[in-house]
Amino acid sequence: MPTTKQPQKKSAKSSQRGDLAPDRIAATLIALDEAYPAVECALTHRSPWELLVATILSAQCTDVRVNMVTPELFKRFPTPTAMSEATLPELEALIRTTGFFHNKAKSIQGAARTITAEFKGQVPQTLAELITIPGAARKTANVVLGVCFNKAEGVVVDTHVFRIARRLGFAKGDTPQKVEQELMRILPQDHWIAFSHQLIHHGRQICDARKPKCDRCSLEQLCHSKAKTWQIGRAHV
């Protein structure tokens with residue numbers, strides 16, 4: 001009787017090739033560590049509470065603009081209790097230039113009231129608790145946990161991380177949530193916090209959405225993106 005040919009299993013070697021090859025991921029992390037060795041959160045803050053509020057305000061707004069607004073906001077309302085007692089018109093007037101100020105004012109007032117009533121005035125230190133706070137979705141919670149408490153419960157995926165992770169081939173998801181899950185599967189957990197901050201800085205300085213500065217990019221030789229504007233040996237036209 002003729003024997004049935006069994007499908008061959010992928011070799012370990014072949015499965016390690018491509019965009020998600022461990023050596024490529026490791027090389028990318030090393031390059032990012034060398035390019036951004038002491039990267040920090042760009043939002044100015046003095047406490048977990050201030051970072052929480054600043055991160056809520058940063059939605060659809062630049063960190064530079066948020067940093068212009070928060071000094072006066074925290075001077076007027078320095079604690080969750082103080083902000084919980086502020087009126088919406090008072091908050092709206094102070095944060096107007098960050099955009100979407102009606103909704104943001106409701107969020108930071110709601111966050112202040114929840115933290116005051118439910119958490120004794122202290123920002124909680126777990127993802128499960130943080131996402132119960134108005135305005136603090138998963139991305140905001142991950143920012144606060146990573147920066148203030150050095151806890152890596154997830155990967156912060158903002159517009160820069162979303163764009164660059166897909167350009168590098170590290171993720172294919174079409175939402176920040178899907179991209180975060182993909183990154184969590186391939187990145188060592190001890191790099192989750194730094195990786196996000198590094199890609200955010202890289203996106204602002206080098207990997208621009210419209211015209212990335214590939215001739216200045218420390219990841220150029222590791223990147224196969226169709227969006228590249230330059231590569232060693234020739235410029236794209």
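Q: What secondary structure does the protein contain?
A: This is a predicted model. The protein has 12 helices and two strands.

Q: What are the dimensions of the C-alpha trace?
A: Along the principal axes of the protein, the trace spans about 80 × 50 × 30 Å.

Q: How much of the protein is buried?
A: Of the 237 residues, 44% are buried.

Q: And the accessible surface, what does that come to?
A: The total is about 13,400 Å². Carbon and sulfur atoms account for 54% of that surface.

Q: What share of the contacts joins residues at least 24 apart in sequence?
A: The share is 55%, taken among contacts between residues at least 6 apart in sequence.

Q: Changing topic: how much space lies in the largest pocket?
A: The largest pocket holds about 800 Å³ of space. Its lining comprises 32 residues, and those closest to the centre are S58, A59, C61, K139 and D158.

Q: Which helices each supply at least two residues of that lining?
A: They are α3 (48-57), α4 (63-76), α7 (101-118), α9 (138-149), α10 (159-167) and α12 (192-205).

Q: Which one gives the most?
A: Helix α12 does, with four residues in the lining.

Q: How do the lining residues divide between nonpolar, polar and charged?
A: The lining of the largest pocket has 14 nonpolar residues, 12 polar residues and six charged residues.

Q: On to salt bridges. How many are found in the whole structure?
A: A search of the whole structure finds seven.

Q: Let us take R138. Which side chain does it meet in a salt bridge?
A: The side chain of R138 meets that of E180, at 2.7 Å from N to O. R138 lies in helix α9 and E180 in helix α11 (residues 176-186), so this pair ties together parts that are 42 residues apart in sequence.

Q: Are those two residues buried or exposed?
A: E180 is buried, since its relative accessible area is 4% and the limit for a buried residue is under 20%. R138 counts as partly exposed, at 29% relative accessibility.

Q: What about E50, which partner does it have?
A: E50 forms a salt bridge with R46, the N to O distance being 2.6 Å.

Q: How do E50 and R46 stand in terms of accessibility, buried or exposed?
A: E50 is buried, with a relative accessible area of 6%. R46, by contrast, is exposed, with a value of 68%.

Q: And D174, what does it pair with?
A: D174 forms a salt bridge with K178, and the closest N and O atoms are 3.1 Å apart. D174 counts as exposed at 55% relative accessibility, while K178 is partly exposed at 46%.

Q: Where is D174 found?
A: D174 is in the loop between α10 and α11.

Q: Which residues does D174 touch, leaving aside those up to four places away in sequence?
A: On that basis, D174 touches F162 and R166.

Q: What separates D174 from L52?
A: Their C-alpha atoms are separated by 26 Å, and the two residues are 122 residues apart along the chain.

Q: Now the backbone. What is the phi of Q60?
A: Q60 has a positive phi of about 55 degrees, although Q60 is not a glycine. Q60 lies in the loop between α3 and α4.

Q: Is Q60 buried or exposed?
A: Q60 is exposed, because its relative accessibility is 68% and exposed means over 50%.

Q: And N150, what is its phi?
A: N150 has a positive phi of about 55 degrees, and N150 is not a glycine either.

Q: Where is N150, and is it buried or exposed?
A: N150 is found in the loop between α9 and α10. At 64% relative accessibility, N150 counts as exposed.

How values were computed
Residues are numbered from 1 along each chain as its sequence is written. This is a predicted model: local features need pLDDT of at least 70, side-chain atom pairs count only at pLDDT 80 or more; totals for chains, interfaces and linings use all residues. Side-chain values use heavy atoms; hydrogens and water are left out. On a 1 Å grid over the protein atoms alone, a cavity is a set of points where a 1.4 Å probe fits but cannot get out, and a pocket is an open set with protein on both sides within 12 Å along at least five of seven lines; lining residues have an atom within 4 Å of a point. Grid points are joined across faces, edges and corners, and a volume is the space filled by probe spheres set on the points. Ala, Val, Leu, Ile, Met, Phe, Trp, Tyr, Cys and Pro count as nonpolar, Asp, Glu, Lys and Arg as charged, and the others, Gly among them, as polar. Buried means under 20% relative accessible area, exposed over 50%, partly exposed in between (1.4 Å probe, protein chains only). Contact means heavy atoms within 4.5 Å. Accessible areas come from the Shrake-Rupley method with a 1.4 Å probe; for residues, only the protein chains shown count as cover. A salt bridge is a side-chain nitrogen of Lys or Arg within 4 Å of a carboxyl oxygen of Asp or Glu.
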